[in-house]
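Here's a quick tour of a two-part model, from the place where the parts meet to the way each is built inside. Have the viewer open as you read.

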Amino acid sequence: MKWEMVIGLETHVQLATRSKMFSGSPTAFGAAPNVQADAVDLALPGVLPVPNRQAVADAIRFGLAVGAQINPHSWFERKNYFYPDLPKGYQISQYEEPVVKGGVVTFALEGVPHQVLLTRAHLEEDAGKSLHEDFHGRSGIDLNRAGTPLLEIVTEPVMRSAAEAVAYARTLHQLVTWIGICDGNMQEGSFRCDANVSVRPRGQVEFGTRCEIKNLNSFRFLEQAILHEFERQVELLESGGKVVQETRLYDPERDETRTMRSKEDAQDYRYFPDPDLPPLCIDAAWIEQERAALPELPAALAQRLQTRFGLSAYDAGLLTASREWANYFLVMTGEGTLDPKLCANWMTGELAATLKRTGLEVQDSSVSAHQLAALLRRIQDGTLSGKMAREVFEILWQEGGEVDALIAARGLSQVSDNAVLEKLIDELLAAHPAQVEEFRAGKDKVFGFFVGRAMKASGGRANPQQLNELLRRKLSGS
Amino acid sequence: MNLDDTSLRALCAGLRERTFSSEELTRAYLQRIEQYDTHLGCFITVDPDRSLSQARAADVRLARGEGGPLTGIPVAHKDIFCAEGWRTTCGSRMLSNFVAPYDAHVIQRFNEAGAVILGKTNMDEFAMGSSNETSFYGPVHNPWQTAHVPGGSSGGSAAAVAARLAPLATATDTGGSIRQPAAFCGISGLKPTYGRVSRYGMIAFASSLDQGGLMAPSAADLAWSLGTLVGFDERDATSLARPAEDFSTQLEPSLKGLRIGLPRQYFGAGVDPEVAQALEEALRVYESRGARLVDVDLPHSDLSVPVYYVLAPAEASSNLSRYDGVRYGWRAQQYGDLDEMIARSRAEGFGAEVKLRILTGAYVLSQGYYDAYYLQAQRVRRLIQQDFLQAFERCDVLMGPTAPSTAFRFGDKGSDPVQMYLSDIFTIGVNLAGLPGMSIPVGFDGQGLPVGLQLIGPHFGEARLLAIAHGYQQATDWHARVPGRGEKA
């Protein structure tokens, strides 16, 4: 029997707000335990939550970016359960009415367009962290993360392969960082996926029983966990077993998933509207304000790069991998004098390679877009050969400086003056009459000998194209 | 200083004219507390050093000619308000070791006004009770008859004001916790419109119903101090911004033409005849000063108690989840694992009434019961609100008994919680509708226990309510009567 995989993803996107979802504490990562927890985060007696306006604005922007409906009237509920790192004994979340309804995320997978329908996106607060090691049999609680704003984005069960799920997650990651609502840092947990996986015989309409795999914080783990879970369920079914609905945890070290809790011990969270918080009302004016603040989205920009600059879909995709990457390109081509293809080639070639080698992000690049543009302008006007430009690029990267000043100071400009090149060639031919004869007798190989000598004589600065033309003309005796 | 027969206005004048200092005034009240409170039990915490240092700071302001209506005035605060550096117990063993590290908005406003914290008053545990009998810190005795309860949950504040151990007290009202003890103790109490007083730092019982308020001998005293209590607070998302009002200058409108609505449901068979009698006489006083009586209907009022005992426990069950022994408060000594630590800490830290309400609340919110209880109660709550709004189309104020009876004896309603719950039957609707409500003393029963008249106004009608109460108090002197405070003759 052929099995089909059915996947739905729930992604917790940590919003890049300065303060927490319902308190004024900062949200920066990596602070000493409990220094970023105020009275509200500690759930002291008497404290109250106040919603973070920016977090709501971020949710609206996300909704607009995926073409979803912004709910004019949603509300916050309490999800009640006891856990030591959940200070209030409940998490404030949205249950019945989320702030964002519907929406769609589109991407191409191996050239084929895909659409993933979203069910909803809702606002909630994160819990703290329990630390069970290093405390000699006791547990430590760090509440720095408690109350951090999250946007939980839920898809319909529409994905049919691990590759599709990963492509969706990557596109979502690109989008939330692009519109500036998330820093996208997966190691720090700013973008975490839970995967709902089920299998069914191909052709069957009903879904199989699903399992939820929690806390996948890299694209690789997401893919491995889904593939592994698929195999586990298929093996189980093929050996006559049944899939039990449960929550499973992926262990990347052993590459396996294991039971976290089954449906039987599923808790009753006793959701009810939080009486401390009035309904979340979003009017059209607010929506329009956020729409105006939204940047051009990656898909639209990629399309524009193709039609306006004549780039390939592949290049356009690479250049819109992140907003910083796209901005770099747009700054370079901004003056309208540079060949967009030349810019694209240099960015995806030399720049990308150097960034990768040095472990930097494009926004931290040692060579700015303006510097690279100045460099490419000198390729375009013939001052530099490609090889020389790479040398200048290397110097720029290491030492910085101004492109034209560097070229002048190091005598790096290309020799494109015909008179200078002709003089050089004439001297060369006069010094090697035997080789001239050989060439004229039909020994074409000797041409390379002259090119090499001429290049050497010019200190490597001769314009190669011009040199070739002049040399051939002179050797042929014309 | 005659502390039995004074007003806040007179105390303020005395302080400003330097007839006496805030330190002297505070010492005088502290001395009364020392003298009487061992048999009354009004206070959970008194800290003379802290109080006197605040008093001295107020004296510095007063000496410079600065300060407002409450500068230098000692105020008793219900132990539900967090006050920085003060143990804040909420009447519970759970918080017996909790010293608040911050000020509630209400405390902050009183501190900024230069008022002196006289002490923290006794209360039903987490404000759950109508007799003050659920307090972990022992009973409060009604100063009029010490074998009787003071009412609850703000029993300590009410008894302290009645016994003149404090000229003014803060309190809170979730289902009648200001008005019912005010009635039982023969003083004036005001629960403002929901949202007028910030709940920040006021330990939550039922968030959608809780509201801070005041207790004092007279409506004029309440008007004198209400401006300090109310005000927008950005830390409470349910706080409402309103233009500032000077309540004490709005006290003199005529009662002529005042339309007093009498909900027929508030004058039924359940009301003690002596209470009904005192009310009749109070209404005569209003009529004699030009008011008209109008019969009105609150058709859903018999549902208010059941609705309240679904919604309030539901919210409480969640609000009290934070008391888990992890970060502060009571933690069990013996436990095996984390779950057991939480369970035992709560089992030991909470009293029986609190547990009963947590269980009730968890039940009505649980899967399969939510629609039938919680959602249904929310729907009926809206009907009750509409009843009030319709009634106010025909009258300016509603009047009726604050409680069906006068203060009952200790233990009288101990065995059946529903009997206890029914003592709030006339006060609960006001909380469900978010309206302002008052209780003022209008006489005594045959045992010498006070009878309270409840006044209910439309939303934000505090100024008018105070004026209507003040009009009555200018014609009568029930509010000026002082009890025996349990002294052995």
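## Where the chains meet

The contact between the chains takes 26 residues from chain A and 35 residues from chain B, with two residues in contact if their C-beta atoms, placed from the backbone, lie within 7 Å. On the chain A side, the residues that touch chain B split into 17 nonpolar, 4 polar and 5 charged. Here Ala, Val, Leu, Ile, Met, Phe, Trp, Tyr, Cys and Pro count as nonpolar, Asp, Glu, Lys and Arg as charged, and the others, Gly among them, as polar.

A word on ground rules: this is a predicted model, where local features need pLDDT of at least 70, side-chain atom pairs count only at pLDDT 80 or more, and totals for chains, interfaces and linings use all residues. Residues are numbered from 1 along each chain as its sequence is written, while chains are lettered from A and ligands numbered from 1 in the order in which they are written.

## Chain B overall

Chain B has 15 helices and 11 strands; these are DSSP runs numbered from the N terminus, helices being H or I of at least four residues and strands E of at least two. Its C-alpha atoms fill a box of roughly 65 × 55 × 50 Å along the principal axes.

Buried residues make up 60% of the 489 residues in chain B. Buried means 20 or more other C-beta atoms within 10 Å of a residue's own, exposed means 12 or fewer, and partly exposed is in between, with C-beta atoms placed from the backbone.

## The cores

Which residues have the most contacts inside the largest nonpolar core? They are A195(A) and V75(B), in a core of 223 residues. Such a core is a set of buried Ala, Val, Leu, Ile, Met, Phe, Trp, Tyr and Cys residues joined through C-beta atoms within 7 Å. Helix α2 (residues 162-178) of chain A gives the most to this core, 9 residues. A second, separate core of 33 residues includes L319(A), W325(A), A369(A) and L406(A).

W325(A) is also one of the buried residues of helix α7 (residues 323-333) of chain A. The buried residues of α7(A) pack against several chain A helices, among them α2, α5 (298-309) and α8 (340-358).

## Domains of chain A

Chain A is divided into domain 1 (3-287), domain 2 (296-409) and domain 3 (418-475), with bounds from an automatic or database domain assignment. The C-alpha centres of domains 1 and 2 of chain A lie 37 Å apart, and 6 residues of domain 1 are in contact with 6 residues of domain 2. On the domain 1 side, α2(A) supplies the largest share, 4 residues.

Strand β12 (residues 191-201) of chain A has 8 of its 11 residues buried, so it is largely enclosed by the rest of the structure. Strand β1 (residues 3-14) of chain A runs antiparallel to β12(A), joined by 11 bridges, and two strands pair if DSSP finds at least two bridges between them. Within this pairing, H12(A) stands opposite R192(A).

β12(A) also pairs with strand β13 (residues 211-216) of chain A, in the antiparallel sense over 4 bridges. There, A195(A) has I213(A) in β13(A) as its bridge partner.
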